[in-house]
Amino acid sequence: MQNFNKIELENNGNKKRDRRRKKNMIGYYFLVFILAAGIVLTLSVTLLFNVKEVVVNGVVGSSYNENDIAKVSGISRGDNLVRMNTSKIKNEILNTLLYVDDVSVRKDFPDKVTIDITPSIDMAYVECQGGYMLVSEGWRIIGLSEKQENENLITVYGFEPKSNEEKTVMDSEDEDKNEALKNLLSEIKKQDIKNIVSIDLSDKFDVVLNYGNRIRIKIEKPNDIEYKLRYANQIITEELRENKSGYLIYRNSLGYSYVSEEEYEKINGSISVMRPVMTELPSDAAVSSEESPDISEPITETSVSQATTISQAEGW
């Protein structure tokens, strides 16, 4: 009985020693891991991952060369990649260089930094207090002037910019005008519509585009822009003679109506006597059921005779 108790006590003692040994080993391994991680971290911010090369892309056609960008970035040979703040470098470039729309700074381990820039491309003049802002395709304000210096750019009126500070992104006091202008300029470029001289957003529910200083396109609200611009461009280029000047006015389900400048002045903007323009609608236009003409209805005999009379009277 005594021998049995003695053996049992010895076994219990061995188990306790094994448990303590395991705990000690876990602590040992953990300590080794912490020390190794500390060594690696120390090396990575001192001896390892230091800059040997800075590559700059996107300068072709821009106002700056690779050395200009690299110098403004503040990156020097030997700078540590781990400690490098890419966001700070990006902001430094944008805040320093006027003709840059966007910047991307990328760490390419073990020893390279790549900077990609998007050069500014002139997009439009926007009326502001004291003159006009030159705005890039990235909506950066890249210049201020008392008058428009490039007649090939569209001029925007009634945008109500919050600020005219250079190197900042243009923004309107009216969020609806932000969206309207972006959509209009994007669609004009996409459809490659020539001769748009200006856009007037003074009344966001009665937007007016100046086509070649002879036709004012009144699109009402800036919705269904793709359709409205395609339809108006087709009428102007295919139906109206080049010596015609006046207004194309969008009238919901009736589509566009044309009125000459003389008639428009006489009726002081009333559209009660405006004549609908009878032309084939663009086949790929995105027409909404609420704002655009219903082209599913057949052309009646009356509409055909009206179109003929108008064409003969106006000399279209």
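**A walk through the predicted model**

A search of the whole structure turns up 1 cavity of 30 Å³ or more. A cavity is a set of points, on a 1 Å grid over the protein atoms alone, where a 1.4 Å probe fits but cannot get out. This is a predicted model, in which local features need pLDDT of at least 70, side-chain atom pairs count only at pLDDT 80 or more, and totals for chains, interfaces and linings use all residues. Residues are numbered from 1 along each chain as its sequence is written, and side-chain values use heavy atoms, with hydrogens and water left out.

Start with the chain as a whole. It holds 7 helices and 13 strands. These are DSSP runs numbered from the N terminus: helices are H or I with at least four residues, strands are E with at least two. The chain has 316 residues, and 37% of them are buried. Buried means under 20% relative accessible area, exposed means over 50%, and partly exposed lies in between (1.4 Å probe, protein chains only). Now take the contacts (heavy atoms within 4.5 Å). Of those with a separation of 6 or more, 53% link residues 24 or more positions apart.

Return to the largest cavity. About 40 Å³ of space lies inside. That volume is the space filled by probe spheres set on the grid points, which are joined across faces, edges and corners. Lining residues have an atom within 4 Å of a point. They are Ile-193, Ile-196, Leu-209, Tyr-211, Ile-217, Leu-229, Ala-232 and Asn-233. Helix α5 gives the most, with 3 residues. By class, the lining has 7 nonpolar residues, 1 polar and no charged ones. Here Ala, Val, Leu, Ile, Met, Phe, Trp, Tyr, Cys and Pro count as nonpolar, Asp, Glu, Lys and Arg as charged, and the others, Gly among them, as polar.

Helix α5 also contains Glu-226. Glu-226 has 17% relative accessibility, so it counts as buried. Its side chain makes a polar contact with the side chain of Arg-230, at 2.8 Å. A polar contact is a pair of N or O atoms within 3.5 Å; within protein, one must be able to donate a hydrogen and the other to accept it, and residues adjacent in sequence count only if both atoms are side-chain atoms.

Next comes strand β5 (residues 131-136). It is largely enclosed by the rest of the structure, because 6 of its 6 residues are buried. Strands pair if DSSP finds at least two bridges between them. Strand β4 (residues 122-128) runs antiparallel to β5, joined by 6 bridges. In this pairing, Asp-122 stands opposite Ser-136. The β4 and β5 hairpin has 2 residues between the strands, and Gly-130 takes a positive phi near 90°. Strand β6 (residues 141-145) is also antiparallel to β5, with 4 bridges. There, Leu-134 stands opposite Gly-143. The hairpin of β5 and β6 has 4 residues between them, and Trp-139 in the turn has a positive phi of about 65°.

Finish at Ser-172. This residue sits in the loop between β7 (154-157) and α4 (175-190). Ser-172 is buried, at 2% relative accessible area. A polar atom of its side chain lies 2.6 Å from the backbone oxygen of Phe-159. The backbone nitrogen of Asp-174 lies 3.0 Å from a polar atom of the Ser-172 side chain. Leaving out residues up to four places away in sequence, Ser-172 touches Phe-159, Glu-160, Pro-161, Lys-162, Lys-177 and Asn-178.

Notes. On a 1 Å grid over the protein atoms alone, a cavity is a set of points where a 1.4 Å probe fits but cannot get out, and a pocket is an open set with protein on both sides within 12 Å along at least five of seven lines; lining residues have an atom within 4 Å of a point.
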